[in-house]
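Open the model in your viewer and keep the selection tool at hand. The tour goes from one selection to the next.

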Amino acid sequence: MKIGRFQKNEIRLLSGYYLMLILIDSTMYSAFTMMILSYFSNQLKLLILGIESLVAIFIFIDTNRKKKMLVGLKLQDYIYLGEFGLILFLCFPNSIFIKFFSYAIVTLSTSLLVLDISKSIIIQQSQFEIGFMKLANLKTFATLIGFGIGGILNAQFIPSLIILIMIIFAVSLILVNRFSKVDSHKSLTISIGKIEDIFTVFVLGILTANTSVWVPIVAVSLQHQYVHLTVIAFVLPGVLTLILMRWLIKLPTVIILILFVVQSLIMIIGFINQSAIVQTLCLACIVPTSLSISVHLRSQFFKKNTIFDLKSLIQLLSVNSNTVLFVLAILSIIVPNIGIYLLLANIVSMIILVIKSQKEKL
């Protein structure tokens, strides 16, 4: 299917808006996490992950309701909701409860917008793989920048960040008027028993968790051995992802799976030997490889489940990744070396996928 000039321009506009939303979301996540760590114990950082998971679950439930509460609203209404959360934060700066509540509202707002924009980008592309690769590249780039900005902000600068986001939201009201909300008449409710290839959902969950779990581990290793190189743990995986994704996605799936297994084994050796350099290089290679696998698995998963609304499927995977990350964060408190167990789970999953690929064409 060919894409016309008008459609290309709309895709560029949608992609730019998606980039901005992910940048806002990742900056808020990083800034609020740093704020919590500066005032409270490390365990409270799980509240942010908990909020992300609860918001994702709420949106998923809403997408499967016949009478939708929020998912059926206009894009402008999502922005108004986000503005309300930001104003709430500024009006009650000394209440930690209000801070968490306002963060939840802003996360809900950006998540709803991202869900609609993601669906529009995927539908307007000629192939699922192209749409998912575009989203993966944009998300990697925006998250990398957002985490960096949020990580260097002190708590006293967060009100200024809130005001800036309020201004961006206000200006974006003009932009969203140019977008047509993509709806679907499919109403079949998603349930575990009706989903084809549920194993893919599990694999996508642990693949998504790789970056979030291992970047802090590698950053700490670099801080202990090469303090001035700590930032590389955040930057290098994103840079290599942007460079390698287009090349990796063209490789046969089996080759990418085997490549991921080899990288993970080297990563485990580097962790056992406490070599920060080996860990960093392996992580930088694992991130683009896992993203490439995710792009392929997502497109195949959606093709197998076309009876469901695309928006519900997108949100299902969002709930899955947030929940897996939240569970791993809790386990990391009581289970030492959680990163190793995650890699082992990845390796087992990849081996199973290699076996499956011999039986069916992925």
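Helices α4 and α11 are oblique to each other, a word used for angles that are not under 35 degrees (roughly parallel), over 145 (roughly antiparallel) or 65 to 115 (roughly perpendicular). This is a predicted model, in which local features need pLDDT of at least 70 and side-chain atom pairs count only at pLDDT 80 or more, while totals for chains, interfaces and linings use all residues. Residues are numbered from 1 along each chain as its sequence is written, and side-chain values use heavy atoms, leaving out hydrogens and water.

Select residues 96-124 for α4 and 310-334 for α11: they pack at an angle of about 120 degrees, with their axes 10 Å apart. Helices here are DSSP runs of H or I, at least four residues long, numbered from the N terminus. Axes are lines fitted to C-alpha atoms over the stretch in contact, and angles run from 0 to 180 degrees between N-to-C directions.

Next, show the side chains at the contact (heavy atoms within 4.5 Å). From α4 come L115, D116, S118, K119, I122 and I123, and from α11 come L310, K311, I314 and Q315.

**T63**

Now select T63, which lies in helix α2 (residues 45-63). T63 is buried, with a relative accessible area of 6%; buried means under 20% with a 1.4 Å probe, protein chains only. Leaving out residues up to four places away in sequence, T63 touches K68, V71, L115, K311 and S312.

**Helix α6**

Last, select residues 158-176, helix α6. Its buried residues include I158, L161, I162 and I165.

Key. Helix = DSSP H or I, 4+ residues; strand = E, 2+ residues; numbered from the N terminus. Buried < 20%, exposed > 50% of the residue type's maximum accessible area, 1.4 Å probe, protein only. Expected span 1.5 Å × (residues − 1).
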